[in-house]
Amino acid sequence: PYRGFPSTRSELFEFDVVICSDISRLAFTPEQIEWTVDLVGKRGGGFVMIGGHTSFGAGEWDRTPWEQLIPLDMSGRRDYLHQSFRVEVPETAQSHPIWKLLDDPEKNRVALDAMPQFSGTNLITRVKPAATVLGQTQRPLQGVGIMPVFACQTYGRGRTFAMASDTTVEWGRYFESQWGVGDNRYFRKFWRNVIRWLAENSQTSKRRLLAHCDKVIYAQNDSIEIVAEAFNQERQPTTDYRLSARLQADDITAENSVATDS
């Protein structure tokens, strides 16, 4: 309960992006669903739906206001398919910011072609007319034909993204663990791209700083490494900022508070 979905409108509006990955619609109140629509449409936030047994039409999300956010048309589809397939990124979509895994276009194309296979997907009727197809099945699925898997669109002031397959565990286990060069670097870059693209117009995302530490828990006398990335108004990396970090103990005293600038 203490880490659940925001329970007030103002709390939700502190976030830039909402990701729903195989979560039952019954886990949300009608108000929480409406607030999410407002977060995207009125505040320029982002929204993602990822496939799973309770996602898209299988989860009856077409009967909720989130249906208007999702760029994939799931009307009347209550099924999902356990069948292996690979995804093909259309040539016209390869220049989309979400697919920029590498700076070199040719190497980037090779990385996209190396996307591992998926083991299942929710069934989708079509991509909505105002949406962009970012990826589709490389071959026809049994009884379905060529089907969209990745898509995005704008909604009001914000942006939305959909992935018909799962991103982890059952359907997306290879996508999660093997899309890289002996690792999953392209998987990680892909999701960073998705979130940055979705949050580009967010009113909350006026903050243009990403920071993290090298560990979660530290022992006494451990060194702490802080990695920070700053971005300009065009969301391009920049060093034109002065960053300050402060280490502060629970009991605030002059002796245990340390500040550093870089």
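Predicted model: local features only at pLDDT ≥ 70, side-chain atom pairs only at ≥ 80, totals over all residues.

Reader: Which residues touch the most other members of the largest nonpolar core?
Author: F150, F161 and F190, in a core of 60 residues. Such a core is a set of buried Ala, Val, Leu, Ile, Met, Phe, Trp, Tyr and Cys residues joined through side-chain atoms within 4.5 Å. Buried means under 20% relative accessible area, exposed over 50%, and partly exposed in between (1.4 Å probe, protein chains only).

Reader: Where does the largest share of this core come from?
Author: From α5, with seven residues. Helices (H or I, at least four residues) and strands (E, at least two) are DSSP runs, numbered from the N terminus.

Reader: What is F190 in contact with?
Author: Leaving out neighbours within four places in sequence, I98, W99, L101, F150, F161, F175 and W179. Contact means heavy atoms within 4.5 Å.

Reader: New topic. What is the strand order in the open sheet?
Author: β1-β2-β10-β9-β8-β5, six strands with mixed pairing. Two strands pair if DSSP finds at least two bridges between them. β1 and β5 stand at the edges with a single partner strand each, so one side of each has no neighbour in the sheet.

Reader: How does β5 run relative to β8, antiparallel or parallel?
Author: Antiparallel, joined by two bridges. E88 has Q136 as its bridge partner in β8.

Reader: Now charges. How many salt bridges?
Author: The structure holds 14. Each is a side-chain nitrogen of Lys or Arg within 4 Å of a carboxyl oxygen of Asp or Glu. In one of them, D38 pairs with R9, with the closest N and O atoms 2.9 Å apart. D38 sits in helix α2 and R9 in helix α1, 29 residues apart.

Reader: Is D38 buried or exposed?
Author: Buried, because its relative accessible area is 14%. D38 also meets K42 in a salt bridge (3.8 Å, N to O). K42 is exposed, at 51%.

Reader: Last one. Where does H53 lie?
Author: In the loop between β2 and β3. H53 is partly exposed, at 34% relative accessibility. Among the residues H53 touches are D22, Y80, H82 and W171, not counting those up to four places away in sequence.

Notes
Residues numbered from 1 in each chain as written. Heavy atoms only, no water.
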